[in-house]
Amino acid sequence: MADTIIVVVEQREGKLNRVSWETLAAGQALAGDTGWTLEAAVVGSGVAGFAGEIAAKKVAKVYAIESSMLEPYTPDAFSAALKQFIETKQPKLVLMPHTYQVRDFVPKLATAMGRTAISDCIGYKKDGTKLVFTRQMFQGKLAADVSFACDAPWFVTFQNGAFRGDKVEAGASAAPVETVNVNIADGVVRNKPQEVFKEAKQAVDLTQAEIIVSIGRGIKEQKNIELAKQLAEALGGELAASRPICDSGWLPMDRQIGSSGQTVAPKLYLALGISGAIQHIVGMKGSRTIVAVNKDSEAPIFEIADYAVVGNLFDIVPPLIEEVRKAKAGG
Amino acid sequence: MKILVCMKQVPQKDAPLKLNESGTWIREDVSYEVNEPDAYALEEALRQKEKHGGEVVVITSGPARSQQVLREALAKGADRAIHLEDNAFVGLDALNTARAFAAAIKEEQFDVIFTGLQSDDYGYAQTGVVLAELLGWPHATIIMQIEKNEAGIRVKRELEAGFFQFVDMPLPAVLTIQSGINKLRYATLIGIKQAKNKPLRKVAMADVQSALSANLQKIERLYVPQKTKKTQFLEGPAGEVAKKLVDKLRNEVRVL
């Protein structure tokens, strides 16, 4: 049997999750480099429509893995369904987006199959016949090339933004769709999930802001936030923060940028005292211009900054507010 | 409730890291601290014990230095500790780390196991979930609230983009805890003093070796990531840097 790559896409609330296209793009690139056959799968209850959507792309085949037990999502049901499916298909590589849902069940699935997952990858390299997957370590300060030291199937999850979803190639003709009904026995699913909800109506929609001034641990104390607020006001922008600031209750949760908060892409993102942990970066790396001020010259935020200031934000920000005000007044 | 908290010692957030000679790991001579989400996991365990009674046991793996994490946990109120002590534990993948923990606690009966949602060094976000599967227990990840009820527990899971979900589940179970679930406490002087007399069980590599295999994944190379963006560094006294930056914002970024 020819080697295959299976991309498991994610659907939620009647829509394919945007990162699914990124993972499909990763699958197409890997298929091109390895010569392996690319297939895709979507898991859930009544997911044939999604399968059709993916079948329009350049894939050899799409599987709709169906069971009424797969809605709502539980790690037990998803792991059981994919285990049955993957054991039958014996793919070489199984690719998924590194979403909160995937990281909830993939380690369980891989372990149940006696395999491992290389999680949260940002790319891959093919060195001769050897395939390595690149992932960030130490909060993005270092990167590692990681290989599989076990038999296939190999599980890999890709970070949000690692590949370009808009680069997915369309197929010459629609790929065949096969429905795979999986059997999930009573008692397999132990968790009882309730409805998904939003905590409170968001007071501020940061996704619409053109300028964002964002603060991290470097702000040190709650009273220092006033300084960042003045800069945001001078620039005509919104104030935002990395997770620790909102965890401390210094700013409300709706001002949080990152994987658990909002994802933004403003014209200007000014990061003050933010080191740039992966969880923050995924929420703002699409910004058109990134300015970073941090006293640690090795902070990962500088990796993605267009303009960098290595120094103490308390030295830089006061004169910066003055200069911005002058520039605005001068027209 | 009898609660196990899995904890890890990681390099301090702003510690400069140096690569070892083979370029496969960092050099040991850095400052370490407790992995942040694990500190929240411990705090949650202490709060659950205060509410429902029971016992809080902390476990870690790593060389002698990692005992510091356990000592701090005991000082904050954990009842006892388990230390899988060997430098070789540092290099284990998530599956083998979870296997080692499972082997070390096989004589114990916990109601629930907490881990931080991921570590600041490897960042796998896997060990807790793998441990649940090895034990045959249900799990839930990225937890922001835990309430005990008659049937088991109700937990609040954090989902992406500001969404949440309550999940009812039976015990025993494994939960991975999100940072910010609670407010961390400090150790008291009395706590630090009492910690010295609390039991700490050491487990050697030889005690759990039979449960382990060769790693299923291998770090071929660790390196400083290549920059993909061309960054302009603005230097000089603060006032000058501010002028330069405003000039860039006006003439290059065009937002002023």
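Modeller: The largest nonpolar core has 126 residues, and those touching the most other members are A:Val42, A:Val43, A:Val156, B:Val5, B:Leu42, B:Val58 and B:Leu175. A nonpolar core here is a set of buried Ala, Val, Leu, Ile, Met, Phe, Trp, Tyr and Cys residues joined through C-beta atoms within 7 Å, and a residue is buried if 20 or more other C-beta atoms lie within 10 Å of its own, exposed if 12 or fewer and partly exposed in between, with C-beta atoms placed from the backbone. Please keep in mind that this is a predicted model, in which local features need pLDDT of at least 70 and side-chain atom pairs count only at pLDDT 80 or more, while totals for chains, interfaces and linings use all residues. Residues are numbered from 1 along each chain as its sequence is written, and chains are lettered from A and ligands numbered from 1 in the order in which they are written.

Biologist: What is B:Leu175 in contact with, leaving aside its neighbours within four places in sequence?

Modeller: Its contacts are B:Val112, B:Phe114, B:His139, B:Ala140, B:Ile143, B:Ile146 and B:Val155, where contact means that the C-beta atoms, placed from the backbone, lie within 7 Å. B:Leu175 is also the bridge partner of B:Ala140, and it sits in β10(B). Helices (H or I, at least four residues) and strands (E, at least two) are DSSP runs numbered from the N terminus, and two strands pair if DSSP finds at least two bridges between them.

Biologist: Which sheet do those strands belong to?

Modeller: They belong to an open sheet of 10 strands with mixed pairing, in the order β12(A)-β9(B)-β8(B)-β7(B)-β10(B)-β6(B)-β1(B)-β4(B)-β5(B)-β11(B). Its edge strands, each pairing on one side only, are β12 (192-198) of chain A and β11 (200-203) of chain B. On average, neighbouring strands of this sheet are turned by 30° against each other, direction ignored; axes are lines fitted to C-alpha atoms, for helices over the stretch in contact, and angles run from 0 to 180 degrees between N-to-C directions.

Biologist: Which helices lie across it?

Modeller: Among them is α2 of chain B, residues 67-76, which lies across β4 (55-62), β5 (80-85) and β11 of chain B and runs at about 175° to β5(B). Helix α3 of chain B, residues 94-104, lies across β1 (2-6), β4, β5 and β11 of chain B, at about 135° to β4(B).

Biologist: How many residues does the contact take from each chain?

Modeller: It takes 74 residues from chain A and 71 from chain B. On the chain A side, helix α8 (residues 313-330) gives the most, with 8 residues. That side divides into 35 nonpolar, 17 polar and 22 charged residues, counting Ala, Val, Leu, Ile, Met, Phe, Trp, Tyr, Cys and Pro as nonpolar, Asp, Glu, Lys and Arg as charged, and the others, Gly among them, as polar.

Biologist: Switching topic, how is chain A divided into domains?

Modeller: Domain 1 covers 4-181 and domain 2 covers 206-330, with bounds from an automatic or database domain assignment. Their centres, taken over C-alpha atoms, are 34 Å apart, and 7 residues of domain 1 are in contact with 8 residues of domain 2. The domain 1 side of that contact has no nonpolar, 6 polar and 1 charged residues.

Biologist: Last one: is A:Ala299 buried or exposed?

Modeller: A:Ala299 counts as buried, because it has 27 C-beta neighbours inside 10 Å. It lies in the loop between β16 (289-294) and β17 (307-310) of chain A, and, not counting residues up to four places away in sequence, it touches A:Ser275, A:Gly276 and A:Asn294.

Methods. Contact = placed C-beta atoms within 7 Å.
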